[in-house]
Amino acid sequence: MGNSQFKLLEKLCNAVAVSGDEGEVRAIVLEEIKGCCETPKVDALGNVLAVRTGTGKKRLRVMVAAHMDEVGFMLVGEDGGGLYRFELVGGMDVRQLVGKPVWVGRDHTPGVIGARPIHLTTAEERRKTIPLDALRIDIGPGGKASLGDRAAFATKFRRSGPSIFAKALDNRFGVSILIELLKNAPPNIDLLAAFTVQEENGLRGARVAAHALDPQVGIALDSTPANDLPHWEDEENAAYNTRLGMGPAIYIADGSTLSDPRLVRHFSQVAQAEKIPCQVRQPGGGGTDAGTIHKARAGIPSLSISTPHRYAHTAVLLARVEDWKNTLNLLHAGLSRLQPGLLDGDRN
């Protein structure tokens with residue numbers, strides 16, 4: 001991961017691609033992968049499907065999916081004077097929205113999520129969460145917007161020492177890694193790259209992508225929350241999910257998938273052999289595109305691998321550079337050693 005990869009990640013993170021309107025990121029992807037794979041296809045939902053055929057014998061067809069979309073907002077009502085009612089697109093905590101700057105529409109019209117100031121609220125009101133229907137996106141009377149426009153957090157990408165601060169690291173990390181993987185694909189597999197849409201509101205793009213590509217193995221490349229902050233009560237934080245600085249996270253189970261144990265073992269053993277830092281994501285809720293890939297057609301053995309980040313689905317996510325780099329390292333090394341006989345092994 002050199003300077004060009006950092007510039008690409010910055011460009012991806014600063015783009016606005018709320019679920020259902022992923023065009024900005026799709027355009028970047030299509031430009032980046034030009035010439036390094038068979039002619040990419042944009043399907044009916046907006047997924048970018050790209051195939052790079054290997055050169056070895058008895059190659060596995062491996063689908064690697066990274067979703068292009070991010071959480072955000074949709075304008076659903078106009079109150080006049082540049083004030084708009086909005087709905088959430090994807091899962092977010094309403095408590096964190098007040099005062100956040102946003103970009104609205106494809107022109108990135110600046111706005112802010114407004115609410116009544118503290119001077120004009122009662123003590124009783126301040127003890128309660130402001131309901132979503134009391135919030136407005138305010139772009140001012142001269143602002144340009146239309147009902148149905150998406151809006152995203154107006155957070156610029158920034159690197160500070162070992163850390164990255166940005167919106168939409170979930171999942172521009174995965175998109176940037178999959179682009180790099182396409183450019184340097186292992187020859188022992190047929191790489192079926194799926195840059196998917198609408199992951200944040202129901203894993204919709206991955207479902208049709210998996211049906212179209214018909215892979216033998218599916219891998220969801222994503223970014224996952226790290227809840228690794230210390231507890232105030234001096235207790236051990238046993239529900240950390242993942243930790244920053246510990247490398248990519250391999251999933252065993254989440255809210256939508258029981259990962260194929262053969263793939264879990266394979267990538268864990270490769271990480272150990274190659275001395276690539278990695279961790280196991282604590283089994284629990286949430287999910288990735290693997291949740292729908294593994295149910296496609298007659299069933300597809302699937303696994304998720306994610307780069308950890310803090311403050312998921314908020315205006316600013318924080319992650320470590322080395323975790324991003326090692327996610328690519330693990331994925332490339334694991335795929336380079338993937339052989340058809342793996343799927344003949346014991347699932348237990």
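Reader: Are the side chains Phe 73 and Phe 153 buried or exposed, and how is that read?

Author: Burial is read from relative accessible area: buried is under 20%, exposed over 50%, partly exposed in between (1.4 Å probe, protein chains only). Both Phe 73 and Phe 153 are buried. This is a predicted model, in which local features need pLDDT of at least 70 and side-chain atom pairs count only at pLDDT 80 or more, while totals for chains, interfaces and linings use all residues. Residues are numbered from 1 along each chain as its sequence is written, and side-chain values use heavy atoms, leaving out hydrogens and water.

Reader: How many aromatic pairs are there?

Author: Rings of Phe, Tyr and Trp (its six-membered ring) pair if their centres lie within 6.5 Å; planes under 30 degrees apart are stacked, over 60 edge-to-face, and the rest tilted. The rule gives four aromatic pairs. One of them joins Phe 73 to Phe 86 edge-to-face, at 5.4 Å centre to centre and 80° between the planes. This pair links distant parts of the chain, with Phe 73 in strand S4 (residues 72-80) and Phe 86 in strand S5 (residues 83-89), 13 residues apart. Phe 73 and Phe 86 are both buried. Phe 73 also pairs edge-to-face with Phe 153, at 5.4 Å centre to centre and 90° between the planes. Here the partners are 80 residues apart, Phe 153 lying in strand S9 (residues 150-153). Elsewhere, ring pairs link Phe 6, Phe 173 and Trp 324 into a cluster.

Reader: Which residues is Leu 75 in contact with, leaving aside neighbours within four places in sequence?

Author: Contact means heavy atoms within 4.5 Å. For Leu 75 the list includes Tyr 84, Phe 86, Val 104, Ile 137 and Leu 147. Leu 75 lies in strand S4 and, at 2% relative accessibility, counts as buried.

Reader: Where is Leu 181 placed?

Author: Helices (H or I, at least four residues) and strands (E, at least two) are DSSP runs, numbered from the N terminus. Leu 181 is in helix H4 (residues 169-183). Leu 181 is buried because its relative accessibility is 0%. Beyond four places in sequence, Leu 181 touches Val 64, Pro 186, Leu 191, Leu 331, His 332 and Leu 335.

Reader: Which peptide bond is cis, and what is the phi of Lys 58?

Author: Most residues other than glycine have a negative phi, and most peptide bonds are trans. The bond from Asp 170 to Asn 171 is cis, with omega near 15°, and Asn 171 is found in helix H4. Lys 58 has a positive phi, near 50°. Lys 58 sits in the loop between strand S2 (48-52) and strand S3 (60-67) and is exposed at 72% relative accessibility. Gln 198 has a positive phi of about 55°. Gln 198 belongs to the loop between strand S12 (189-196) and helix H5 (204-213), and is buried, with a relative accessible area of 15%.

Reader: How many helices and strands does the protein chain have, and how compact is it?

Author: The protein chain has eight helices and 17 strands. Its radius of gyration is 21 Å, close to the 20 Å of the globule rule for 348 residues, so the chain is as compact as a globular protein of that length. The radius is taken over C-alpha atoms, and the rule is 2.2 Å times the number of residues to the power 0.38. Of the 348 residues, 52% count as buried. Among contacts between residues at least 6 apart in sequence, 76% join residues at least 24 apart.
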